[in-house]
Amino acid sequence: QVQVAESGGGSVQAGDSLRLSCAASGRSYNYDAMAWFRQTPGQEREFVAGIRGSRTYYGDSVEGRFTISENNDKNTVYLQMNSLKPEDTAVYYCASGFPSSLTVKRQRAYDYWGRGTQVTVSS
């Protein structure tokens, strides 16, 4: 059974930074890509950032402020979020799977999902 678990969410002020972590584990676990998505009530899940091989991908709204990185030894992915804005408030989900370079921003391309971690940014 593959498990993906997020950590590091919380409540911060606008302009602050926060780092999320995502750990993947399980028997014979492997993946091609890991990604972060976020969702607010009543909205569709939005792609935030992804990493596939040596290449990283970002959503337009976070480009230049968020950075995704990976620690292969620990099967852990990090999302460093800087210059946070109130509109970044959401539940952040980590996902892993086998998307192609063309589908890396699509949630349906991912097989395993964490339960999410809340990020709240106050103005």
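Is C22 buried or exposed? I looked up its relative accessibility, found 1%, and so C22 counts as buried. My cut-offs, with a 1.4 Å probe and protein chains only: buried is under 20% relative accessible area, exposed is over 50%, and partly exposed is in between.

**Before going on**

I am working with a predicted model, where local features need pLDDT of at least 70, side-chain atom pairs count only at pLDDT 80 or more, and totals for chains, interfaces and linings use all residues. I number residues from 1 along each chain as its sequence is written, and my side-chain values use heavy atoms, with hydrogens and water left out.

**Entry: the disulfide**

I searched the whole structure and found 1 disulfide (a pair of cysteine sulfur atoms within 2.5 Å). This disulfide joins C22 to C94, with 2.0 Å from S to S. C22 lies in strand β3 and C94 in strand β9 (residues 90-97), so the bond ties together parts that are 72 residues apart in sequence. Strands here are DSSP runs (E, at least two residues), numbered from the N terminus. I also checked the torsion about the S-S bond: it is about -80°, so I noted the disulfide as left-handed. C94 is buried too, at 0% relative accessible area.

**Entry: V77 and S21**

Next I turned to V77, which is found in strand β8 (residues 76-81). Its relative accessibility is 0%, so V77 counts as buried. Leaving out residues up to four places away in sequence, I listed its contacts (heavy atoms within 4.5 Å); among them are S21, C22 and W36. S21 sits in strand β3 (residues 18-25) and is buried, with a relative accessible area of 17%. From the side of S21, my list of contacts beyond four places in sequence includes W36, V77 and Y78.

**Entry: the rings**

How many aromatic pairs does the structure hold? I counted 4. Rings of Phe, Tyr and Trp (its six-membered ring) pair if their centres lie within 6.5 Å; planes under 30 degrees apart are stacked, over 60 edge-to-face, and the rest tilted. The rings of F37 and Y110 have centres 5.6 Å apart and planes at 75°, so I wrote down edge-to-face. F37 is in strand β4 (residues 33-39) and Y110 in strand β10 (residues 110-113), 73 residues apart. Ring pairs link F37, F47, Y110 and W113 into a cluster.

Last, I looked at R45. Its charged end sits over the ring of Y93, 3.8 Å from the centre, and over the ring of W113, 4.9 Å from the centre. For this, CZ of Arg or NZ of Lys must be within 6 Å of the ring centre and within 35 degrees of the ring normal.

Conventions:
Helix = DSSP H or I, 4+ residues; strand = E, 2+ residues; numbered from the N terminus.
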